[in-house]
Structures are given as C-alpha cells and as structure tokens.
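Thanks for taking a look at this one with me. Below are some numbered notes to read with the structure open beside you.

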Amino acid sequence: MTDEVSRNERIKEASDYLRGTLAEGLRAEITGAIVEDDQQLVKFHGMYLQDDRDLRSERTRKKMEKAFAFMIRVRISGGVLSPVQWLTLDQIARDYGNGSMKLTTRQTVQLHGIIKSNLKATLKSIDAVLLNSIAACGDVNRNVMCNPNPSQSRAHATALELARTISDHLTPRTPAYREIWLDGERIAGGEDEVVEPIYGKTYLPRKFKIVMAVPPSNDVDVFAHDLGFIAILDEAGDVSGWNVTVGGGMGMTQGEPDTYPRTADLMGFCTTRDVVAIAEAVVTVQRDWGDRANRKHARLKYTIEDRGLDAFRAEVERRAGVLLSPAKPFQFTSTGDRYGWSAGENGRSHLTLFVENGRLLDSDGAKQMSALRQIAQSHDGDFRITPNQHLIVANIPTEKQKEIHWLAAESGLLAPWSGLRRNAMACVALPTCGLALAESERYLPGLVTALDERLAAHGLSADDIVIRMTGCPNGCARPYLAEIGLVGKGQGRYNLYLGAAFDGSRLSKLYAEDIEHAAIIATLDPIFAAYAAARQKGERFGDFTIRAGFVAATGNGRDFHANVGAQSGRAAAR
Ligand code: HEM
Ligand code: SF4
C-alpha cells in the first residue's frame, strides 16, 4: 500500500480479516476498554466502545478509568423480528445492557451499556435466535433497510426478500466474528478472493448503506443513502422493477465546506432479477474508485461528484453485465409512518405504535419494555421497526386486537395528537455517543412540547411537520432532510435548518446558527405565524419556507452551503 492511505486502511489491512488483537483484548481484565486499533475493528463486528459521558468528570476526579461499555447494533434486514427474537433482545437489554432498547433510524436495535466481560454472552444469545451484529457498523455494507408498510403486502414481501438477499450477499465472509465471539474454530486465512470475494482485505473506503423503498411511502429516506432501489408497481400492486439511486449521504463536518450532505441521483431502472448484480457492481466500483486517503471524502457521494454519474453508471453496467433503462416515473408522498391500525390480508391487522425517538424503557410513568414483552409472549405475527424509530406489531388476529390495543394505550405507545411530535426523530447523542456536541434524544421531547404551544397558538397543532435533531453534524437522524432540522453545535446550542421537502426529495438550508432553546422558539414562532396566515392549499411547511423567502432552495451537493442564512430582505418583506 502507498503512504497515502489513511490510518484506518492500514488497520484493516493488518487485521487479518478483522481479527486484530480482539481475542486477547477481551481477556485483558485490567481495563474495560480495548486498544485503539481494535476500537476501529470492533465496529465491523457491530460494536462501538463508548463511555458514560455523564460520569466522566466524577470518575476523572476520583482517578478512575472512564465508565467504559459497548454499544451493540444488531443486523436486522428490513427491520423485521420474530417474537422470539424480540424477547431475546429485550432479555439482553435487561440482563447485560442498561435496561432499554433504542430502535434506530436504520431499522435496527441498539443495545447500550454492555461491559466487556458480557460481550461474548450477549453475542451468543443473539446468535441463538439467528441474528448477528456482523457489519452493523464499519466500512462495509450495513443493515439493508426496507419499507415496512403493511398495507401493500405483496410489494412489501418482494422488497423484504430482496433486502435480505442483498444483505446476505454483501455480508463479510471472514470467520473472525464466529471465532472471536462464538468460540468458533480458528480457520486459517487464505487468499483475498477466497476469504472476501467482494471486499478484499481492506473492505470499503467508508460505510455503505442500502435501502428498498415502496412508493408512495419514502419512509426509508431513499435519497439519504449510498444505494437505493425504488419499487415500480404495476396496476395490480406487484413490483415490475426498480429505479436505482446512488450517492446519497448525510454526514458533514462543521466548517469544512468540502463536506456536505447530498441527495442521491436516479441512475436508471433494472428488473428484479438484476438487482443483486447491480448492488454488487455499485459496491465494487466504490471499493475501487472511493477515496482511501481522506475519510471525510470517502463516501460514494463524493466519488459520484468527482467522477460524474455517467462514468459511474457505465462502469456499473460493465461490471454487472446489465444495461440500465431510463428511470421510470414514481411518486412519493411522505417520509413518515402511518400510525394506528391498518387491515392486512387473511383478516389480520397491523398496529403502528409510536415510540418517542425509538427509546424503549420501563419508567415509572410507562412500562413500555414490559408491555411489548407481554405482547411478544403471545404474538404469532412479527415486529417491524420503522425507519422513523417506531414499531409495527404486524399480523394480529382479530381476537388479540383488543388486548394489544389496551397494552399499547396503557404504556403510552399510541401516537400523540401533535403533528410535530408524530414526525419527530432524534439521534442518541449524550450520554453514550462520543461524537455528540449537544443533547439530542434527551432534549427533543421537551423542545417539541414548547414548540407545540406556539403551533397551537397559530392553529397548527395537527399539521404534519417533520422535525429532526442530532447532537452533531454527522446526521444520524437525517436532519438535513427535515422541514425543521436542528444540529448540535455545542452544549445547548444548535444550528437551525429549514426548507427540506416533506417527501424527502430536497435538502434543507442553514437558516440560523448557534442558537439556544429560547432563540429556537423565538426564531420559529414568526415563521409558524406566517405559515398559518399565508400558506396555499396543501402547501407543506418546508415548501412554504422557500416560497415565502425564508430560505433559498437547495439543489444538490455543494449547493448545500450556498446562499445560507435568513434570506432577510425577502423574508422581512412579507
Ligand atoms: C461520519 C458520520 C457518522 C458517524 C461517525 C456516526 C457515528 C455514530 C455513532 C458513534 C453512533 C452511536 C451513538 C450511540 O448509540 O451512542 C451512531 C448512531 C447512529 N447512526 Fe451514525 N454516524 C454517522 C453518520 C450517520 C448517518 C448519516 C446515518 C443515517 C443516515 C447514521 C445512522 C445512525 C443510526 C441509525 C444510529 C443509531 C441511533 C439512532 O437511530 O439515532 N449515522 N452513529
Ligand atoms: S448524529 Fe452525532 S451525536 Fe448523534 S448519534 Fe450520530 S454521531 Fe452521535
């Protein structure tokens, strides 16, 4: 390898297919942590080493090691779990974790607070119910998401099956996971093409994310991901093929305009038969063309910006042996979830629950973990995590509906009336995320309460308005695709973004920088007032903020950083 590759590239190459010194590190009882290089490698096994940041200063004062613990992210294609799998994750959260489960914006479950000595037992329990955490983090293809919509059952079944096939096809083959966590036999390493035929020794330049969308719902936020497939449905509601999108991504670094969120481009249309070949080709072109020197420029979105979509498409077609047709028309209506009951096939029904910011726990007020455990104990359908951090109890027979409804209502799992809260998402941030600059999950509910008061004053309580918050610019809750986006800048301080499209097709624009709680409310209140007074029929809040001149519309890519700030001349004129 040349001198020009990043440190992570060297770590991957020297790791012997992701083994590193993880096995030894696990046995070292003197510390709750693992060595630095292994901290990078353990991500490929679905884990992050973290510490409880609420306890940092006290422990430093007492000269104690940080309160280290691991976050484990499970790989759950399409977010679908059987009741037994649900019960297992619930049990792990209580036995080894911090007693709660986080349903994530990428349809999986994160378990926090697992100490090093419990990692193996945890991963064995996960393995026993045919789940794993391989490649849930790291420079590889992550969990493949899929629209969980229960009302289009046949299209959903096709999309889910494909999501699972793509996920299996692109899962790393290294036996390291089995050896280290499940006490598997050491299998001698071999040639690249034998161990990792798709990835090779150094895997991908950066993380890689794939989703399957089924219009009219864009709940998976297809334009936020490296690779997306949008189902094209025939008149009977069956899938006739897929539009392919490439080059979406959210992350950016504050103060570095060469980094930016980007919505994916439509690259063409393919048949269901060709989906896996296209997915593999997109992954291998990015493997070979992606930037391995600068990790901040290593996502597929920058490869596409630098090389151009046409060159990228031509190389994908060549490698897949498939010619893409022009993309077909489709229409998205929203990125949100449809809460409540919906009818399925065979007389069964589905219930979409509301889980605020995806955080499930048993608090004094509401015993949500217990309620879901009780449902799972006698449920014979499935659980589907939505891309908005909520949960669908799917395929409920008529005779169970009353009981399940009552359990959900009693534990506060039915959707609230507030249109803002119904469309809110927050990333984890403090206390576990080492990158967080500000609170997110622990702050957003209170902010929504305050904003709801202002919305009520303007008669907008029931209007669906998308609000998302993250504790740093990495964008884990996709804030740049929210009509109101808040991104942590420092303790208690946020950048405010406005003007994204309700259907997830257009990014937002920076409107106000570095503002605190009171200023967030004071800044938004007059915009709510203007919206109530001057919106056109059916006009969405994000579209309105552009038409009324509060922010400029974002085109794509580098344009995100252009024309930022309050377009004061125009806005003041209203
Ligand atoms: C440079 C970019 C990024 C880095 C370094 C990063 C890192 C992290 C870390 C450390 C966590 C764990 C937080 C915790 O549980 O304590 C996390 C959570 C998460 N990230 Fe990211 N992230 C990045 C960008 C993104 C983006 C763009 C997405 C999605 C579009 C995403 C999706 C998630 C999800 C789904 C979670 C789980 C928590 C949740 O649902 O809020 N990440 N990320
Ligand atoms: S957005 Fe930032 S603070 Fe939030 S989970 Fe992601 S990395 Fe952590």
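1. What covers the buried residues of helix 6? Among the elements in contact (heavy atoms within 4.5 Å) are helix 2 (22-27), helix 5 (83-95) and helix 8 (176-181), along with strand 1 (47-51), strand 2 (68-73) and strand 5 (109-114). The buried residues in helix 6 (residues 119-128) are L119, T122, L123 and I126. Here buried means under 20% relative accessible area, exposed means over 50%, and partly exposed is in between (1.4 Å probe, protein chains only). Helices (H or I, at least four residues) and strands (E, at least two) are DSSP runs, numbered from the N terminus.

2. As background, an α-helix has 3.6 residues a turn, so residues three or four places apart point the same way.

3. A word on the ground rules. This is a predicted model, in which local features need pLDDT of at least 70 and side-chain atom pairs count only at pLDDT 80 or more, while totals for chains, interfaces and linings use all residues. Residues are numbered from 1 along each chain as its sequence is written, chains are lettered from A and ligands numbered from 1 in the order in which they are written, and side-chain values use heavy atoms, with hydrogens and water left out.

4. Two strands pair if DSSP finds at least two bridges between them.

5. Another open sheet has 5 strands in the order 6-7-8-9-10, and its pairing is mixed. Strand 6 (145-146) and strand 10 (265-270) each have a single partner strand, so one side of each is left without a neighbour in the sheet. Strand 6 pairs with strand 7 (residues 210-213) in the parallel sense over 2 bridges, and C146 has M212 as its bridge partner in strand 7. Helix 10 (residues 275-289) lies across strand 8 (227-233), strand 9 (239-246) and strand 10, at about 160° to strand 8. Axes are lines fitted to C-alpha atoms, for helices over the stretch in contact, and angles run from 0 to 180 degrees between N-to-C directions.

6. How many disulfides does the structure hold? The count is 0, taking a disulfide as a pair of cysteine sulfur atoms within 2.5 Å. For C270, the nearest cysteine sulfur is that of C146, 15 Å away. C270 is buried, with a relative accessible area of 3%, and C472 is buried at 11%.

7. Which residue donates to the iron atom of ligand 1? The single donor from the protein is C476, through SG at 2.2 Å. Donors are N, O and S atoms within 2.8 Å of the metal (3.2 Å for Na, K and Ca); water is not among the atoms, so sites may look incomplete. C476 sits in the loop between strand 17 (467-470) and strand 18 (484-490).

8. Strand 11 (residues 340-343) and strand 12 (residues 349-353) are antiparallel over 4 bridges, with W341 opposite L351. Between these strands are 5 residues, and N346 in the turn has a positive phi of about 55°.

9. Finally, some backbone details. Most residues other than glycine have a negative phi, and most peptide bonds are trans. N395, in strand 15 (residues 391-396), has a positive phi near 60° and is partly exposed, with a relative accessible area of 24%. A cis peptide bond joins P215 and P216, with omega about 10°; P216 lies in the loop between strand 7 and strand 8. The bond from L430 to P431 is cis too, with omega near 10°.
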